[in-house]
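Keep the 3D view open as you read.

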Amino acid sequence: MPAIVLIGAQWGDEGKGKATDLLGDDVDYVVRYQGGNNAGHTIVIGEEKYALHLLPSGILTPGVTSVIGNGVVLDAAELLDEMAALNARGVDTGDLLISANAHLLMPYHRTLDKVTERYLGKNRIGTTGRGIGPTYADKISRVGIRVQDLFDPSILRQKVEGALRDKNQILVKLYNRRAMSIDAIVDECLAYAEKIKPYVADTSLVLDRALREDKVVLMEGGQGTLLDVDHGTYPFVTSSSPTAGGAAIGAGIGPNRITRAVGILKAYTTRVGAGPFPTELFDEWGEFLSKNGGEFGVTTGRRRRCGWFDAVIARYATRINGLTDFFLTKLDVLTGIERIPVCVAYEIDGVRHDELPMTQTEFHHAAPVYEYFEGWSEDITGAKTLDDLPPAARRYVAAIEEMGGAPISAIGVGPGRDQTLQIRPLV
């Protein structure tokens, strides 16, 4: 069976968890392939609301094996707390698998992230301060510590000593901070080792065997296309690749196994942190979208910046990821708006751009070119089929589909598990 990738097609927070949960009954494995606890999914099941940060969304579906892939940076303390919280609510996390090759987020990564952002002042990137970037930096610098190192105390100590040799100099001499203790960090890590060990596996091998046995593997990333370290609005991006290309690397499977890439789109646009955002709203409509959409980060609680739908970004996500489908979320949030603007192009120095401009400088100066669509006032949260939507809502969906360059196969009309219109099967 092929593998399916769910990808954020904007700046993240599009509702990937809802899409993963919708497909939960049809898949056998759900894999988180990049990022760390700087991202999150909110899933509503009946009256219960779950906020996931590191755990794949499949953890809420019995019979589905959840996998944390090698591309993830793992905060062991956060993971164990998240598992314990779900266990206390009756959710079984026993089927979780963790790649032995995933890199560990260490205490000094969190410290460095926070002091660096503070030091940058107005030039800060807008990170969550959870240490994700420094962990990936160590990985690329080949001084990172992996999950498997927890089970060899001598190697663990050597690696921590090597890491702190330079990092303590930076903390003390550059940032005027106290040096961190090697013993304290090693002891903290070893305390996690026995708790995590039962879940650690060669997840690449597990997934390969699953695909050979005709199992369905669903891969979900954190963040979104425009936050990809290569293809996003650099430097205001995450430190990994949440795009479709990153899924094969971060899960440890061949790229030819991926035959479906589903882009998750909000019916409007949001982003968290610093960086350009052409359709951002600073008026009452921005407040309307924020309030009606509940636009606050699952992990950080930060208020999301809100703007109208950007078709240029949607087309870009289709191109970069090779999207085969769109899953449109939060259509219900637009109910009550008389005329809905959609950004169809940018104007930069008097020139129209129908595609994302090549340079960051141009993107910073991009002004949205809007087309306006008739809104609707009817409550759509109880809709079960596309025909249940008001004509104006159907026209809005059709326009987004045409401008985005991929068919819309599902539409979210509310936060609940049952508030999704499935137009075409995704598995």
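Which residues does threonine 420 touch, not counting residues up to four places away in sequence? The partners are Lys18, Leu22, Phe327, Ala410, Ile411 and Gly412, where contact means heavy atoms within 4.5 Å. Before going on, a word on ground rules: this is a predicted model, so local features need pLDDT of at least 70 and side-chain atom pairs count only at pLDDT 80 or more, while totals for chains, interfaces and linings use all residues. Residues are numbered from 1 along each chain as its sequence is written, and side-chain values use heavy atoms, with hydrogens and water left out.

Back to threonine 420, which sits in strand 20 (residues 420–422); helices (H or I, at least four residues) and strands (E, at least two) are DSSP runs, numbered from the N terminus. With a relative accessible area of 14%, threonine 420 is buried (buried is under 20%, exposed over 50%, partly exposed in between, using a 1.4 Å probe and protein chains only).

For a contrasting spot, hop over to tyrosine 372 in strand 18 (residues 367–374). Tyrosine 372 has a relative accessible area of 45%, so it counts as partly exposed. Leaving out residues up to four places away in sequence, tyrosine 372 touches Arg339, Ile340 and Pro341. Glutamate 401 lies 29 residues from tyrosine 372 in sequence, and their C-alpha atoms are 15 Å apart.

Now find strand 10 (residues 217–220). Val217 and Met219 point one way, Leu218 and Glu220 the other way, and all are buried. Strand 1 (residues 3–8) runs parallel to strand 10, joined by four bridges; DSSP must find at least two bridges for two strands to pair. Here leucine 6 has glutamate 220 as its bridge partner. Strand 2 (residues 29–32) also pairs with strand 10 in the parallel sense, over four bridges, and valine 31 stands opposite methionine 219.

A search of the whole structure turns up one cavity of 30 Å³ or more, and about 90 Å³ of space lies in the largest cavity. On a 1 Å grid over the protein atoms alone, a cavity is a set of points where a 1.4 Å probe fits but cannot get out, and lining residues have an atom within 4 Å of a point. Grid points are joined across faces, edges and corners, and the volume is the space filled by probe spheres set on the points. Helix 6 gives the most to the lining of the largest cavity, with three residues.

Definitions and conventions. On a 1 Å grid over the protein atoms alone, a cavity is a set of points where a 1.4 Å probe fits but cannot get out, and a pocket is an open set with protein on both sides within 12 Å along at least five of seven lines; lining residues have an atom within 4 Å of a point.
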